[in-house]
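Here are my notes on this two-chain entry. Please read them with the structure open.

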Amino acid sequence: MIDTTTLPPLDDLIACPHCDTIHLEQDLPEGTKAYCSRCGVLLLTSEPQAIVRLVSLASAAVVLMMAAISFPFLDLDVSGQHNATSVISAIMVFSSGKGIPLAIAVALFIVVLPLARLLALIYAIGPLVRGSKPHRSARVAFALTEQLRPWAMAEIFMVGVTVALVKVAGLATVTVGPAFWAFVALVVITIFNDQIMNRYSIWKALDTGFNA
Amino acid sequence: MESTGHGLQRLITAREAGLIACTRCGQVHAGGAVRCKRCHGPVESRDTKSLQKVWAWLIAGIIAFIPANIYPMLITNTLVEHSESTIIGGAVQLVEHHNYGIAAIVFVASIMIPIGKFFAIAYLAISVHRRQILKMHQRHKLYDVVEFIGRWSMIDVFVVAILSALVQLGGVATINPGVAALSFALSVVFTMLSALAFDPRLIWDADRTD
């Protein structure tokens, strides 16, 4: 039986989302991380400037996304016949007939959801950079960023592109366009962003409302 | 993180202390809370319907995986031939063209990961109720891997999408997606939902009843 009367105030506690173990939250020295002492899940990080970096990288990624969807992505050349494809036209190809569900899925996974994630993140933590209070729906926006994480598949798309290039190599000459490189940069930024983003630290920052 | 002192002499769970924790933001609430005061998400001591959802999505995923392997993924038309290839057929073709690395990626992402995931999720869901050979930590590791790796199965769907967008050269050569592309995408989505529905806290609860 646990004596609950000796527990510290609830707001000083943090519960591990994976194994429910409760920990007493403490101020971490800069640049250190705190893991759950039972199951080892990362709980908190104390990365100075993490929020500033997140916002600036996310803004850069939004610009890159615009470039990635509008410029030519790949250009196919078979005995004089050209077919330049941008990401948008790749999606449009399916939009006739039985390809529609697949077109919608691909558009969601590689453009809509990654973009929604970036914009929601900027909206949620952007004001914290200036030291002002977060927007009223910042929490909803940040929860959305977290929930969309598994469904934004830009990096998987790039591996798919590589496989497709190899498959088509025997059939035709393929040249990569500017959008391809924009997408590569976008993927690198997204992976880096997810590395430095610690959701519990950000929830804390949204709570206290100052630049953590 | 230190968990000693201030009344936390040993590792206890929020549930044992009569508290409810939010899995989205880590905030701890007094018993009886239904909505998190920090992130406004729903909170529950344990997701009691977790396993039901896990099984439902898992079965849907396995069902969708069957047509994904029977029907063609890619339909290729060139001046001289018309060919249809299934998921396995596509991997075999790559081996025949000596692209072993790429063939391995396709095989791992489209065959091994989905099937491995079916077994892993089923095992996790069953093991919640019984004493297990695998330790908590190993099962928790398995859960982490399943959650991380599931989305990578989408590779083949994207390959089909890119190929069919790229190879549209009128009479010379066209590539179109087959029925399997959509059923495979659905299978991956269903198994991802199944893994997401699993409440990992259930793995650790069994620890307490020993």
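1. Burial first. A residue is buried if 20 or more other C-beta atoms lie within 10 Å of its own, exposed if 12 or fewer, and partly exposed in between, with C-beta atoms placed from the backbone. By that count D20(A) is buried, because 29 other C-beta atoms lie within 10 Å. D20(A) also has a positive phi of about 75°, although it is not a glycine. Its place is the loop between strand 1 (13–15) and strand 2 (22–24) of chain A. Helices (H or I, at least four residues) and strands (E, at least two) are DSSP runs, numbered from the N terminus.

2. Basis of the notes. This is a predicted model, in which local features need pLDDT of at least 70, side-chain atom pairs count only at pLDDT 80 or more, and totals for chains, interfaces and linings use all residues. Residues are numbered from 1 along each chain as its sequence is written, while chains are lettered from A and ligands numbered from 1 in the order in which they are written.

3. Most residues other than glycine have a negative phi. H40(B) has a positive phi of about 65° and is not a glycine. The loop that holds H40(B) runs between strand 2 and helix 1 (50–70) of chain B. Is H40(B) buried or partly exposed? H40(B) is partly exposed, because 15 other C-beta atoms lie within 10 Å.

4. Chain A, overall. Chain A has seven helices and seven strands. Their order along the sequence is β-β-β-β-α-β-β-α-α-α-α-β-α-α. The radius of gyration is 22 Å, well over the 17 Å that the globule rule gives for 212 residues, so chain A is more spread out than a compact globule. That radius is taken over C-alpha atoms, and the rule is 2.2 Å times the number of residues to the power 0.38. Along the principal axes, the C-alpha atoms of chain A fill a box of roughly 80 × 40 × 30 Å. Of the 212 residues, 42% count as buried.

5. Domains of chain A. The division is into domain 1 (1–46) and domain 2 (50–208). These bounds come from an automatic or database domain assignment. The centres of the two domains, taken over C-alpha atoms, are separated by 33 Å.

6. Strand pairing in chain A. Two strands pair if DSSP finds at least two bridges between them. Strand 5 (residues 72–78) and strand 6 (residues 81–86) of chain A run antiparallel and are joined by six bridges. P72(A) has S86(A) as its bridge partner in strand 6. The two strands form a hairpin with two residues between them, and S79(A) in the turn has a positive phi of about 35°. Strand 5 of chain A is also joined to strand 7 (residues 173–176) of chain A, antiparallel, by four bridges. There, D77(A) has T173(A) as its bridge partner.

7. One helix position. V184(A) sits in helix 6 (residues 178–196) of chain A. V184(A) is partly exposed, because 17 other C-beta atoms lie within 10 Å. E155(A) is 29 residues away along the chain, yet the C-alpha atoms of V184(A) and E155(A) are separated by 8.3 Å.

8. Chain B, overall. Chain B has seven helices and six strands. Its pattern reads β-β-α-β-β-α-α-α-α-β-β-α-α. Chain B has a radius of gyration of 23 Å, whereas a compact globule of 210 residues would have one near 17 Å. The share of its 210 residues that count as buried is 45%. Domain 1 (1–45) and domain 2 (50–209) make up the domain assignment of chain B. Their C-alpha centres lie 35 Å apart.

9. Contact order. Two residues are in contact if their C-beta atoms, placed from the backbone, lie within 7 Å. Among contacts in chain A with a separation of 6 or more, 61% are between residues 24 or more positions apart. In chain B the corresponding share is 62%.
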